[in-house]
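Visitor: Could you take me closely through one part of this protein, the sheet and the core beside which it is discussed? I would like the terms spelled out as you go.

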Amino acid sequence: MSTNITSKYATKNKQELFDQVMAAILKSGEQGVFQTEICKEFSLDSRDGSRLAGNLEKQSRISREKVLYKGRWTYKLIVRKPSIAEDKNKPVNIDCVKDAPCFRCSFEHSCSSEDESTPNSPWRCALLETWVTTSFIKSFSDN
Ligand code: SF4
């Protein structure tokens, strides 16, 4: 984005402008908003609007679809949902199960929720029941 934006937002810094534009795009929901409307709303010329949208796209925060709007080509800006591949790359948070008794249980190798004949099963385990109950109560007292 050029540094000489002649808009009502010229006094705001770049990050503030990005955040406000993202908020406007977010507000438009899944249907998105035309880039020309964003330019108009934030008094950006088409070059600044295009650079700003391009930056948001590079940051994977939005996607841009080329569309014909009022006889002119523009882009529709849509907030990007994280893809499944991105979700798979996120670290898994195990905080909610890290104290589960199963991780240090000497019967873990024979415990089964499917084998009715085994004496050790999550369905009949007092240790597991106590842990679930205690965690449940603790979750309320922490909030
Ligand atoms: S459910 Fe109970 S018996 Fe089974 S592994 Fe967990 S703590 Fe052990």
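Guide: What follows is a walk through the sheet and then the nonpolar core. The model is a predicted one, in which local features need pLDDT of at least 70 and side-chain atom pairs count only at pLDDT 80 or more, while totals for chains, interfaces and linings use all residues. Residues are numbered from 1 along each chain as its sequence is written.

The protein has 5 helices and 3 strands, where helices (H or I, at least four residues) and strands (E, at least two) are DSSP runs numbered from the N terminus, and along the sequence they follow the pattern α-β-α-α-β-β-α-α. The 3 strands form an open sheet in the order 1-3-2, with antiparallel pairing, two strands being paired if DSSP finds at least two bridges between them. Strand 1 (33-34) and strand 2 are the edge strands, each pairing on one side only. Strands of a sheet pair through backbone hydrogen bonds, either parallel or antiparallel.

Strand 2 (residues 62-69) pairs with strand 3 in the antiparallel sense over 8 bridges; isoleucine 62 has valine 79 in strand 3 as its bridge partner, and valine 67 has threonine 74. These two strands form a hairpin with 2 residues between them, and in the turn lysine 70 has a positive phi of about 50°.

Turning to the core, the largest nonpolar core has 12 residues in all: Val21, Ile25, Val33, Ile38, Cys39, Leu44, Leu52, Ala53, Leu56, Ile62, Tyr75 and Leu77. Such a core is a set of buried Ala, Val, Leu, Ile, Met, Phe, Trp, Tyr and Cys residues joined through C-beta atoms within 7 Å; a residue is buried if 20 or more other C-beta atoms lie within 10 Å of its own, exposed if 12 or fewer, and partly exposed in between, with C-beta atoms placed from the backbone. Two or more residues each are given to this core by helix 1 (14-27), helix 2 (35-41), helix 3 (46-58) and strand 3 (72-79), and the largest share, 3 residues, comes from helix 3.

Alanine 53, one of the core residues, is in contact with Gln35, Ile62, Arg64, Tyr75 and Leu77, leaving aside its neighbours within four places in sequence; contact here means that the C-beta atoms of two residues, placed from the backbone, lie within 7 Å. Across the protein, among contacts between residues at least 6 apart in sequence, 43% join residues at least 24 apart, and buried residues make up 13% of the 143 residues.
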